[in-house]
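Visitor: I would like to learn how to read the inside of a protein model. Please take me through it step by step.

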Amino acid sequence: MTTAISPVAVRLPRTREPVSAILTRAGRSDAEQRMFQRIYGLRDTRVLAGDETLEDLLADAGTQALGGHRPDLVLYGHTVLTQSMAYRPGFARRLGDRLGAPGVPVLGITQTACTSVLHGIDLASRWLRGPGTAGERVLVLGGDQGSVSDAVRIIPSVTVAGDGAAAVVVHRGTDRYAYLGGAHAKDTRFHRNMALEAGERRLFGPATEAGAVRVVGDAVAAAGLTLTDIDWILPHHNNAMFWRGFARTTGFPRERIALDLLPEYGHVFGIDGLLGLEHLDRTGRLPAGGRGVLVALGQGAYFRAAVIERKE
């Protein structure tokens, strides 16, 4: 069975906040601010305004992705464990109603940091291939509100995160993309997450690059391909310096690592790869037959990659 993925629907807040303002408010040094902007390539993030909610962004993105169809299952991947809408009982019911699918099962995917959305795509593909009367269509949502707390959105010496949501439909048959395969890994040495000690933090950067290289290679191999068959890397938006190192290690062309949106959006938790895919599609840079690898990395440390091919 071929697993198809719909075009990506994206919803981002309209307000921009400079990374420098976030770091200043958090008391970060001038040197760290210069590093984030000049070396890491981080300039702005998107933040929800007073009349915007993450729940609205998720529902709107999901509705667009569904295109009038009813999902058999909704999977919502998120990084931040408690989202703002969780403080109001009934989120799953409200979401189903807004999607035009009252009573649809809504399951959350978390505890794997920013890999949760790609995890959702893989779970959807496996569910559709399952025995019995598995459904035809799974809506995969991703999104977080980092702006609830600067402590949540700043990963020291790594990145600054913002708000946003994205959605795809994973289903049987054909659509804009085919899901060719994926891979995942974890490095439990870093299970302390944001509470890492100084020595652990020094190891984390090199270990994360090694993990990214490994999981991309494993995903490409699972799809029956080699890295030379891949046209684009759709990266996790941690920072530009990380991906320069990835390019040096793998020999993959730097200009084919899609970091165009990094200065404008910063890191948007688990939906970075989907944002990049939508951007390439919208700008005509992934024609039919083109292949990409979506990559997600997570504190903890978690790694996941998904290989897609443009079909339509």
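Visitor: Leaving aside its neighbours within four places in sequence, which residues is V215 in contact with?

Guide: This is a predicted model. Contact is judged by heavy atoms within 4.5 Å. Beyond its neighbours within four places in sequence, V215 is in contact with A183, H184, A185, F303, R304 and A305. V215 itself lies in helix α7, residues 198–222.

Visitor: Is V215 buried or exposed?

Guide: A residue is called buried when its relative accessible area is under 20%. V215 has a relative accessible area of 0%, so V215 is buried.

Visitor: Which core includes V215?

Guide: Start with the largest nonpolar core, which has 35 residues. I5, I121, V140, V168, V170, L274 and L277 have the most contacts inside that core. Its largest share, five residues, comes from helix α5, residues 116–128. V215 is included in a second, separate core of 27 residues, along with F204, A207 and I233.

Visitor: What is L274 in contact with, leaving aside its neighbours within four places in sequence?

Guide: The contacts of L274 are V8, V117, I121, A166, V168 and L294, with those neighbours left aside.

Visitor: Which residues of helix α4 are buried, and what covers them?

Guide: In α4, residues 91–98, the buried residues are F91, R94, L95 and G96. Their cover includes α3 (54–66), β5 (73–77), β6 (106–109) and β7 (137–145).

Visitor: What is the phi of G100, which follows α4?

Guide: The phi of G100 is positive, near 75°.

Technical notes: Residues are numbered from 1 along each chain as its sequence is written. This is a predicted model: local features need pLDDT of at least 70, side-chain atom pairs count only at pLDDT 80 or more; totals for chains, interfaces and linings use all residues. Side-chain values use heavy atoms; hydrogens and water are left out. A nonpolar core is a set of buried Ala, Val, Leu, Ile, Met, Phe, Trp, Tyr and Cys residues joined through side-chain atoms within 4.5 Å. Buried means under 20% relative accessible area, exposed over 50%, partly exposed in between (1.4 Å probe, protein chains only). Helices (H or I, at least four residues) and strands (E, at least two) are DSSP runs, numbered from the N terminus.
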